[in-house]
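Please look over the structure below before reading the points.

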Amino acid sequence: MRITLFTGVVAALMSALLAVTVMIAFHRYATGSLIEEVTAAGGRVASEVEHRRLEMPLAQHRDRNIQVVDPRGTIVAATPQLQGKPVMAQFNSDSRNIATSAVCGGVFPAGECDIVVAQSAHRDGQDWTIYSASPTIPPYVDPWLATTVGGAALVLAVAITYLGRRIVAASLHPVSDIRAELDRINETCPERRVPFPPSQDEIHDLADSVNRTLSRLQAAMTQQRQFTSDASHELRSPIAAIRAEIEDALQAPEDTNLPLVCTTVLASLDRLESIVDDLLTIAKLDDGRPGGKEPIDLAGLVTEECERRPRPDKRFEYTLEPGVVVIGDRARLTRLLANLIDNAERHAASTVSFHVWHAASSRRDVHRFPNGIARLEVIDNGPGIDPDKRELVFQRFARLDTARDRTAGGTGLGLPIARQIAEAHRGSLQIEDHPSGTRVVLCLPAAGPN
């Protein structure tokens, strides 16, 4: 409606401007033609004066007025409307030019303006003056012409407004279809998609964007449902174990070994606490809360985290290049490293290796790592992961049948959290080939020079 109203107003203004322009053009053309006719009528009388044969009537048109003035300024002849009246104008023409002017009032009726043309006639060596006049043409030229032009302008404005509305309605019809389909999708089935219009225009691009957004929303909803289901299942296991131990103790209190029950319950509570802690961490990362930004020596971070741990039952080996600095949140990067070490310890046969060095950026990644790559590798000599299953371990609560089971103590969230932290620092975390065991590779943007 707003576009139609705007189109109507603009069409009316443009049509009115066109009508005024046309009427001005007609008025100028008609005025020019009238001056030519008045000049011709005066020229005929001037020729008769020069040949001493003045014929009556002086004017052959009822709206024409003519006066013949001799050299002394006496009116020698005049049309009937000007009989007995003074000279119609006070300007003269020279022998070579014709003077033209508009005269209002005077010998003419009140409120009337006439076009007056003054011409010279030569007789007996003297100049006579012939005045010819006719009423000026009104701005509307002629009633029928003004009506025709005004009506045409009105029809043009209405037609433009109508066509504008039709075009806008046709253009917005696909938008209405998209909106209606979105309403149906919201009410019924999120798998449906909005229709594409036949034209390859902006609305087609809108439909494509909407469908891609719907696909992402559907994937997010599916992931959320799966995550909720998996989280509920993971939380149910330690809760069920705690319930079973307590119910057994209540049913046979005299046969209950309290220290054993407490130890079992505490183990389940530890697992429950670990799951809840991981879920809270994921919630914070999903919320996109910004972390701290401070320079962190990657080799020093590895050393600190390994030394802070209880004496491991696996051997740690280090190849750490000093001075490899990244900018990030220390707490989050510590959590990332802890998850990687936990995963490596859990599945290593005997040894976990740490390698830190500064690598140059490839031409493809120079915009992502302008100052080079801070690279950390954590390698365990465990059973390894098949190449087709390496991405699976980064899915939340995902487990591999041979290497990731609940008895190993993992929650299925360690590596997903680690990758999410890496990506929040504009880096990457992935599993790469290694002759034996598993090699997890962390790449972060190296800090620039101070």
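Predicted model: local features only at pLDDT ≥ 70, side-chain atom pairs only at ≥ 80, totals over all residues.

Is R426 buried or exposed? R426 is exposed, with a relative accessible area of 53%.

**Backbone**
- Most residues other than glycine have a negative phi, and most peptide bonds are trans.
- R426 is not a glycine, yet its phi is positive, at about 60°.
- R426 sits in the loop between helix 7 (414–424) and strand 11 (428–432).
- R52 is another residue other than glycine with a positive phi, near 55°.
- The loop between helix 1 and strand 1 holds R52, which counts as partly exposed at 49% relative accessibility because exposed residues must be over 50%.
- P57 also lies in the loop between helix 1 (2–50) and strand 1 (65–69).
- The peptide bond from M56 to P57 is cis, with omega near -5°.

**Disulfide**
- The count comes to 1 disulfide, formed by C104 and C113 with their sulfur atoms 1.8 Å apart.
- The link of C104 and C113 is right-handed, with 105° about the S-S bond.
- C113 has a relative accessible area of 25% and is partly exposed.

- C306 is in no disulfide, because a pair needs sulfur atoms within 2.5 Å and the nearest cysteine sulfur, that of C443, is 19 Å away.
- C306 counts as buried, at 7% relative accessibility.
- C443 is likewise in no disulfide, and its nearest cysteine sulfur is that of C306, 19 Å away.
- C443 is buried, with a relative accessible area of 7%.

How values were computed: Residues numbered from 1 in each chain as written. Heavy atoms only, no water. Helix = DSSP H or I, 4+ residues; strand = E, 2+ residues; numbered from the N terminus. Buried < 20%, exposed > 50% of the residue type's maximum accessible area, 1.4 Å probe, protein only.
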